[in-house]
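Please look at the sequence and the structure first, then read on.

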Amino acid sequence: MKKIFYLSIIALGLMNCAQKQQFPDAAFPLKVADVAPDRPMSSAMKRAFQHYEAPRLLDNELYTNFKYTELKGFNYNNGDGTISRRDPSKIIFENGQYYVWYTHRETPLPPQGKGNANDTLPSTDWDLAEIWYATSKDGFTWEEQGVAVTRPPKPQPGWRSVATADILKFKGKYYLYYQAFNAPSGTYDEAKDAYDICPVALSVADSPDGPWKPINKIVIPFGESNEWDWRVIHDPMPLVHDGKIYLYYKSGMDQRDANRKHWDCWGLAIAEHPEGPFKKHPLSPVMNSGHETMLFPFREGVAAIVGTDGIEHNTIQYAEDWVNFEIASVTQLLPTAGGLFSPDAFTDSKNADGITWGLSHFINAGKNWKKQYSKLGRFDCDLSQSVNDPTMKRSNVLMPNDLYFRYGLSKKQRERIEKENNQRILNQ
Ligand code: AAL
């Protein structure tokens, strides 16, 4: 017993000594260049020097601001909610022009909410939709070309709605992966205790202009009933790596209820051929956050713009091995549901340049939920090795004052504060 006591004292002493040795002899230098690599540092400074690619944002290739531009060429029926465009795909450059695919809804009335939908009236913004496409010479003015993937006849997957597509070019052919709904989105599925059920389906074409031929099968299987991706598989996002298709997708685990307890994570499924079979990576989920995460090859790895949702929202992440993501930067005003122009998406490059622009969607574009629709817009950024735009690296981007006040307290919150104040006065 005595022995253990003395050994503990010695161990504690050594630990103390070790801690003391962590302190540097001199104060932190004025110039970053003078910081000795082995200098003991606080956790925050260690992180700046060791975790991030550069301690200063200006030198971080995976940090950027996002600048937005309205698009020209799309008609929204004066914003009456009957035409919607959302969830754009990646953008590709073919035949001397850019191509983008997106969810297109054109219905007699705006979304009516779950339970109120019928054969012609949509439940949500992406119900009764088709996949349409548009082309552009400059990425700002777009020409809508019409439908790419129509709703197939019942009971094939997607007869109710096809939405949220992404593009893959593989061995000279073009593939669109999308969510194929067999019921109005928002319909409660008792077996799964979930609301937005749709398998991932696939169509193939020899040209980006189509015609698109549906492959009538489910490409990414749901997990088993006790597994994280049993309920839904959303936002399929294919890229090419090591000669294979790396398809990232979102699923929501735990409870999917009004308290927003569900947890959106991202999985990875890999296949030798676009039609599969897709094998889920055993480490899935590979990302712990993100709603409509945007991924693109960068250097030898893959980068991800993680917008809303989750403990690591508002970050840009990087996985050198395409599986193990680390936070590369924290940023603001991120695009929602963006589709990126990622020239190396399918080139299998071992030194991908990155991205400088894409399209994203803006929900409730008319600021009236009763006439709900979404519109597409463009964002520019600097997440590219070859572009060096210091104006995209600012970290003091403040929103207009009125925006802060618009996110004010609710009546209920004001009441709680008043109650607390009164209690404090009473307790005095
Ligand atoms: C989007 C995407 C998927 C969902 C719905 C339409 O934000 O995550 O596409 O199913 O919302």
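A residue is called buried if its relative accessible area is under 20%, exposed if that value is over 50%, and partly exposed in between, with a 1.4 Å probe and only protein chains counted. By this rule, buried residues make up 48% of the 428 residues in the protein chain. The model is a predicted one: local features need pLDDT of at least 70, side-chain atom pairs count only at pLDDT 80 or more, and totals for chains, interfaces and linings use all residues. Residues are numbered from 1 along each chain as its sequence is written, and side-chain values use heavy atoms, with hydrogens and water left out.

**Overall layout**

Helices (H or I, at least four residues) and strands (E, at least two) are DSSP runs, numbered from the N terminus. The protein chain has 4 helices and 21 strands. Its C-alpha atoms fill a box of roughly 80 × 65 × 50 Å, taken along the principal axes.

**The ligand**

A residue counts as near a molecule or strand if one of its heavy atoms lies within 4 Å of it. Around the ligand are R86, D87, W126, T164, Q179, D196, H234, D235, K250, H291 and E292. For the next step, nonpolar means Ala, Val, Leu, Ile, Met, Phe, Trp, Tyr, Cys and Pro, charged means Asp, Glu, Lys and Arg, and the others, Gly among them, are polar. The shell then divides into 1 nonpolar, 4 polar and 6 charged residues.

A polar contact is a pair of N or O atoms within 3.5 Å; within protein, one must be able to donate a hydrogen and the other to accept it, and residues adjacent in sequence count only if both atoms are side-chain atoms.

| Side chain | Distance to a ligand oxygen atom |
|---|---|
| T164 | 2.6 Å |
| Q179 | 2.9 Å |
| D196 | 2.7 Å |

How much of the ligand's accessible area does the protein cover? The protein covers 95% of the 270 Å² that the ligand has on its own. Such areas come from the Shrake-Rupley method with a 1.4 Å probe; for residues, only the protein chains shown count as cover.

**Strands**

Two strands pair if DSSP finds at least two bridges between them. Strand β2 (residues 83–86) is joined to strand β4 (residues 97–106) by 4 bridges, and the two run antiparallel. R86, one of the residues around the ligand, stands opposite T103 in β4. Both faces of β2 are covered: I83 and R85 on one side, and S84 and R86 on the other, are all buried.

Strand β7 (residues 161–170) is largely enclosed by the rest of the structure, because 9 of its 10 residues are buried. It is joined to strand β8 (residues 173–181) by 8 bridges, again in an antiparallel arrangement. L168 stands opposite Y175 in β8. The two strands form a hairpin with 2 residues between them, and K171 in the turn has a positive phi of about 50°.

Elsewhere, 4 strands form an open antiparallel sheet in the order β1-β21-β20-β19. Its edge strands, β1 (67–70) and β19 (339–340), each pair on one side only. Between strand β20 (residues 354–362) and strand β21 (residues 375–384) there are 8 bridges, and L359 has R378 in β21 as its bridge partner.

**Nonpolar cores**

In soluble globular proteins, nonpolar side chains tend to be buried together. A nonpolar core is a set of buried Ala, Val, Leu, Ile, Met, Phe, Trp, Tyr and Cys residues joined through side-chain atoms within 4.5 Å. The largest one has 57 residues, and W101, L176, Y177, Y248 and L295 have the most contacts inside it. Apart from it lies another core of 16 residues, among them I305, L334, F379 and L383.

**Backbone exceptions**

Most residues other than glycine have a negative phi, and most peptide bonds are trans. The bond from G276 to P277 is cis, with omega near 5°, and P277 is in the loop between β13 (263–271) and β14 (279–280). The bond from S284 to P285 is also cis, with omega near -5°; P285 is in the loop between β14 and β15 (294–298).

D242 is not a glycine, yet has a positive phi of about 55°. D242 lies in the loop between β11 (234–241) and β12 (244–253) and is partly exposed, with a relative accessible area of 47%.
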